[in-house]
Amino acid sequence: MSDPDSILSAGSAMAQRLERCVNGVVIGQAAAVRLLIIAVFARGHVMLQGDVGVGKTTLLRALARGLGGGFSRIEGSVDLMPNDLLYHAYIDRDGRPAIEPGPLTRAGDSLAVFFFNEINRARPQVHALLLRAMAERSVQAFNREVPLPLLQVFADRNRLEREETFEIASAARDRFMMEITVDAPSAEADRRALVFDPRFHDSDALLAQVPEGVAPIGALPALSQAIQARVHCAPALQDYVLRLWDATAAPQRHGLRLDERIPGLDVAGLMLAGASPRGMSQLLRAARVAAWLDGRLHVTPEDLRSVFAPVIAHRLCLQPVHELRRGDIVPLLIDELMARVPVP
């Protein structure tokens, strides 16, 4: 099936099944699941944000099972070394040294979802290796290149502790298509089910309810390419994207103001750097997938606005004096961008 329209038609039903299956076992996370589905079909890596125990690992395992590819996970720690991602050295039962593949190489070219838990506990050298794997979808190990054509990386950060953590560099953050927040469900029915329904207490049994390969991972590269080729973005929308891009770097030129909500904050001295070209191109990739999931072959302003914060917010670089207040400033800045930059 090489015709793009046929690929898109079959892929749409496939994406809907995957979303339904994941939402069936991870309750109260419909918004996060939709963003994850967009990232998967746009072939983008994701930074997850959320407290401990809100279901991030279960969510990713359900996604990997639905994709039918390999799932691997590693825990960040201060003593983790780059080679720990590639191989595991140990002493076997005969007392001899032995080496086995590590979490990035164990599943070979079938690895679909790689989850790096608490990535900011790992040293920058580990981040560097991961960045290469993300960018090139391959790594060097065992004196050869190990291809990872289906790889999508998901990572989360420890937000509560500062000791023995390493800030994620802006270049590293820019490699992630989205930063998605996974919070505990707010609806009382969902909270009651998570606490009192035994079905949600056994994650392995829960995940077994997701059919394997409901959206075969091997079909994603061609499907993603077809989405990007066939979903149209009109010239007026392109101009809107360029205005948004300029506003991320120079908000004062577009009349943005934050001093009414954060007294004394002058946007003219706020930004160190706006969104990158990579970030803006990934915004368009995500918006095209959002349009396709809604059954359209053209992007609307609402498609762009629905993915703007997850795609762009983590890429904005504030002046160092403002970085400690990033959590307060950036959401307000995004709100102002959405309100002030004229929509076509």
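Are F41 and W292 buried or exposed? Select the two and take a look: F41 is buried, and W292 is too. Keep in mind as you go that this is a predicted model.

**Stop one: the aromatic pairs.** There are three aromatic pairs to find here. Stay with F41 and W292: their ring centres sit 5.6 Å apart with the planes at 45°, so this pair is tilted. It ties together distant parts of the chain, with F41 in helix α2 and W292 in helix α10, 251 residues apart.

Now pick Y87 and F142. Their ring centres are 6.5 Å apart and the planes meet at 55°, so this pair counts as tilted. Y87 belongs to strand β3 (residues 87–91), while F142 is in the loop between β6 (138–141) and β7 (144–147), 55 residues away. Y87 is partly exposed, at 30% relative accessible area, and F142 is partly exposed as well, at 38%.

**Stop two: H45.** Jump to the loop between α2 (30–41) and β1 (46–49), where you'll find H45. H45 is buried because its relative accessible area, 5%, is under 20%.

**Stop three: helix α1.** Select residues 4–25. This helix has 22 residues and runs 32 Å from first C-alpha to last, close to the expected 32 Å. Colour its buried residues, among them I7, L8, M14, L18 and V25. Then show what covers them, which includes α2, α3 (56–67), α7 (203–207), α8 (220–230) and α10 (277–293).

Definitions and conventions. Residues numbered from 1 in each chain as written. Predicted model: local features only at pLDDT ≥ 70, side-chain atom pairs only at ≥ 80, totals over all residues. Heavy atoms only, no water. Helix = DSSP H or I, 4+ residues; strand = E, 2+ residues; numbered from the N terminus. Buried < 20%, exposed > 50% of the residue type's maximum accessible area, 1.4 Å probe, protein only. Expected span 1.5 Å × (residues − 1). Contact = heavy atoms within 4.5 Å. Phe/Tyr/Trp six-rings, centres within 6.5 Å; stacked < 30°, edge-to-face > 60°.
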